[in-house]
Amino acid sequence: MTVWQAMARIEALGYSLRLDESGRVAARIAGSEPEEAEVLFQIASTDRIAAADYVRMRQEGTSVVDAGQNMSLLDALAIGQAIRKHEAEMMGTVRLMTADMSVCLWWYPINGETASSLLERHREALVTAIQRRLEKMDNSEWWNLSPTEYDAFCQKYGFLCWLIGKQEGRHGIDTLEEAR
């Protein structure tokens with residue numbers, strides 16, 4: 001996350017930002033301080049000049065668009081697992097981009113691990129779990145399913161294959177005919 005993105009998030013949390021007499025950023029909020037604010041202030045304090053530039057530009061009417069971190073649905077699900085296991089925290093909202101089925105969110109590790117290694121570890125665990133699920137589906141008696149159940153089975157199988165970037169496999173009409 002850049003300093004400007006952190007400043008935009010701080011502002012979105014309800015803080016009013018201004019420059020004091022010395023040119024430093026001053027932030028004020030009515031009510032209690034949101035939990036994620038501390039991390040955002042730490043990011044903003046890494047480059048105080050950029051933070052002051054942000055406030056100066058906002059006072060001049062410039063808008064800042066926070067695009068978040070775009071990632072694959074698989075990576076977003078892996079981050080969700082890290083959050084569920086209290087190894088990461090999320091800031092703000094999650095947006096699903098339906099055009100390309102990507103996800104936009106902000107997150108950070110809280111267990112001391114680097115973001116890339118935490119994501120890689122959870123991604124690998126998720127891919128392994130999905131592959132096990134696909135094997136279980138392959139070994140099931142899917143040819144005995146009713147047409148409605150078979151359609152649901154194929155949709156789920158296809159989605160799981162798409163999620164891990166694998167070709168769909170052999171669960172098509174031809175395979176069903178071969179099995180009967």
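Author: Glu87 touches Ala82, Pro109, Ile110, Asn111, Leu118, Arg121 and His122, leaving aside residues up to four places away in sequence; contact here means heavy atoms within 4.5 Å. This is a predicted model, in which local features need pLDDT of at least 70 and side-chain atom pairs count only at pLDDT 80 or more, while totals for chains, interfaces and linings use all residues. Residues are numbered from 1 along each chain as its sequence is written, and side-chain values use heavy atoms, with hydrogens and water left out.

Glu87 sits in the loop between α4 (73-84) and β4 (88-97). Helices (H or I, at least four residues) and strands (E, at least two) are DSSP runs, numbered from the N terminus. The relative accessible area of Glu87 is 17%, so Glu87 is buried; buried means under 20%, exposed over 50%, and partly exposed in between, with a 1.4 Å probe and protein chains only.

Trp107 has among its contacts Ala88, Glu89, Met90 and Leu118, again without residues up to four places away in sequence. The largest nonpolar core has 27 residues, and Trp107 is listed with Leu74, Leu105, Ile130 and Leu134 as having the most contacts inside it. Such a core is a set of buried Ala, Val, Leu, Ile, Met, Phe, Trp, Tyr and Cys residues joined through side-chain atoms within 4.5 Å. The elements giving two or more residues to this core are α4, β5 (102-109), α5 (115-138) and α6 (147-164). Of these, α6 gives the most, with 8 residues. Another core, of 19 residues, lies apart from it and includes Ala6, Val39, Ala50 and Met91.
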